[in-house]
Amino acid sequence: MLMLLAALAAPADAAELSLGLAADVVVDPADKVDGKRGARAGTGGALRVPLRIGFAEGAALRATLGTTFTFGQDRVEWTQYDGAVTYYSDDHWTLVNSSSLMLGPVVDLTRTSARPYLGAQAGGVLVTSYHSFQGASAVLLDPAQGDVTSSTHIDPWSRDLVPAAELLGGLRLGGTDGGLAFEVEAGYTVAFLDEVALQKSRPELGAVRTAWGYNALRVGVGAVFSL
């Protein structure tokens, strides 16, 4: 915070404007908030497009558009026998796609050709979970909504849009006089996903994907182009 205030107080140079393209490895371990829900987005990859707008010496506002694909598990619950018995599945295969738009300040710690930086962002993330149900959980498949025996059939899925926050840090190499630069960056994103209805499941079962915490660690590299 002190570094950000110092940067804001410094006289502004010509506004820095840059656009990047980055790739990350993402890991979201099992959610430990509730022991019975071992939900996790798992491991996968991500693409980011950061836009940085300088507004003071060593300080910038960054907007980041990103998408992530990971393979993990979540918990799905449903009822049978007119709601008398509740069942769950938490060992099915889940593909988690998160698309986010984040905005926040970034501060350069030095003004050398190798510039470490820190930042914080907040925004929204749209999380879609695609499931593959087999065995006991196959009861969720609804033959009225497609051929459940087809390999191209999309099993019941869920989607929710929630607030998210992120802390990040990295190292920018080059680009001090414009032109191409490279960044190595790590980040930690948190969001809480509410319980949502499972789409495309048999409606009489009242299936839901239960609430869980999204806690994603990422590290990656990218190229940055001055505009």
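Predicted model: local features only at pLDDT ≥ 70, side-chain atom pairs only at ≥ 80, totals over all residues.
Strand 1, strand 2, strand 9 (180–193) and strand 12 each put at least two residues into the lining of the second largest cavity; strands here are DSSP E runs of at least two residues, numbered from the N terminus. Strand 12 gives the most, with four residues.

Residues are numbered from 1 along each chain as its sequence is written, and side-chain values use heavy atoms, with hydrogens and water left out.

The structure holds three cavities of 30 Å³ or more. A cavity is a set of points, on a 1 Å grid over the protein atoms alone, where a 1.4 Å probe fits but cannot get out, and lining residues have an atom within 4 Å of a point. Points are joined across faces, edges and corners, and the volume is the space filled by probe spheres set on them.

| Cavity | Volume | Lining by class |
|---|---|---|
| Largest | About 250 Å³ | eight nonpolar, eight polar, five charged residues |

For the classes, Ala, Val, Leu, Ile, Met, Phe, Trp, Tyr, Cys and Pro are nonpolar, Asp, Glu, Lys and Arg charged, and the others, Gly among them, polar.

As for the largest cavity, 21 residues line it, with Thr68, Ser100, Glu166, Thr189 and Arg218 nearest its centre. Strand 3 gives the most to that lining, six residues.

Definitions and conventions:
1 Å grid on protein atoms, 1.4 Å probe; cavity = no way out; pocket = protein on both sides within 12 Å on 5 of 7 lines; lining within 4 Å.
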